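Hi everyone, thanks for making time. Have a look at the sequence and the structure, and then I'll walk you through what I found.

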Amino acid sequence: MRHILAFGGGVDSTALLAIDLNRDEASKMMGIPIDQLNKIFPKLDAVVFSDPGAEYPETYKNIEIAKSGAGKAGLRFEVIRKDGESILGWLNRLGNLPLLPGAGHVCSLKFKGEVLNKWAEKNYEGEIRWSIGIEANEGHRVKRIKIQKGSRHNHNHPLVKLNLNRKDCEQILKVLWPVEVL
């Protein structure tokens, strides 16, 4: 099984990367044994950012810092994009607004989820477990994630399992990350 972080460049996914890169210190901060942390959030094989082409400049800066930190630790970090089109180009071409009533996060699926899954299937065989940065207080979002029957992709929600909320993630970043994350 491959463990991959779906990196978005914000507080939650950056906190997960900071935990992975600083496991001993993170386990002490959270007050849990390292073996418990490793069971809940196994060591990552890769970190992948699917770039929709329309993030804030601060997010792109954080992605470069994350890529550098992962590289120094020998952790694979990839920036990928949907073939041929950015999210803004797609919305302009269709004449749509980012909020599509009843569409159920179609933008996230089209420019993140589908792109991430395609990349993972091209690069890895067997089961793929995506770690996704959803905070403990956002557990309701976990229920909305649908996995196709027979898919070799599944999801892990370490922040929910570790009971870490936004404030906890921000505290982890204050100690374990070199810059403030928005």
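Let's begin with Asp 20, which counts as buried because its relative accessibility is 2%, and the cut-off for buried is under 20%. Please keep in mind that this is a predicted model.

Which residue does the side chain of Asp 20 meet in a salt bridge? The partner is Lys 43, at 3.1 Å from N to O. This pair links distant parts of the chain, with Asp 20 in helix 1, residues 11-21, and Lys 43 in the loop between helix 3 (34-40) and strand 2, 23 residues apart. Lys 43, for its part, is partly exposed, with a relative accessible area of 47%.

Side chains of opposite charge can pair when their charged atoms come close.

Is Glu 135 buried or exposed? Glu 135 is buried, with a relative accessible area of 4%, whereas Arg 166 counts as partly exposed at 35%.

Arg 166 also forms a salt bridge with Glu 170, at 3.4 Å from N to O. Both of these residues lie in helix 9, four residues apart, or about one turn of the helix. Glu 170 counts as partly exposed, at 37% relative accessibility. Back with our opening residue, salt bridges that share partners join Asp 20, Arg 23 and Lys 43 into one network.

Now to the helices. Helix 1 packs against helix 2, residues 23-30, at an angle of about 115°, and their axes are 5 Å apart. That makes the two helices, helix 1 and helix 2, roughly perpendicular. On the helix 1 side the contact is made by Ile 19, Asp 20 and Leu 21, and on the helix 2 side by Arg 23, Ala 26 and Met 30. Sorted by class, this contact of helix 1 with helix 2 has four nonpolar, no polar and two charged residues.

In what order do the strands of the open sheet come? There are five of them, in the order 3-2-1-4-5, with parallel pairing. The edges are strand 3 (76-80) and strand 5 (153-156), each pairing on one side only. On average, neighbouring strands of this sheet are turned by 30° against each other, direction ignored.

If you look at strand 4 and strand 5, they run parallel and are joined by four bridges. Trp 130 stands opposite His 155, which is in strand 5. As for the helices around the sheet, helix 1 lies across strand 1 (2-6), strand 2 and strand 3, running at about 140° to strand 1. Helix 4, residues 57-72, also packs on the sheet, where it touches strand 2 and strand 3, and its direction makes about 150° with that of strand 3.

One last stop is Phe 49, found in strand 2, residues 46-50. Phe 49 counts as buried because its relative accessibility is 0%. Phe 49 and Ile 80 are 31 residues apart in sequence, yet their C-alpha atoms are 6.2 Å apart in space.

Methods:
Residues numbered from 1 in each chain as written. Predicted model: local features only at pLDDT ≥ 70, side-chain atom pairs only at ≥ 80, totals over all residues. Heavy atoms only, no water. Buried < 20%, exposed > 50% of the residue type's maximum accessible area, 1.4 Å probe, protein only. Salt bridge = Lys/Arg side-chain N within 4 Å of Asp/Glu carboxyl O. Axes fitted to C-alpha atoms, helices over the stretch in contact; angles between N-to-C directions. Parallel < 35°, antiparallel > 145°, perpendicular 65-115°, else oblique. Contact = heavy atoms within 4.5 Å. Nonpolar A, V, L, I, M, F, W, Y, C, P; charged D, E, K, R; others polar. Pairing = 2+ DSSP bridges.
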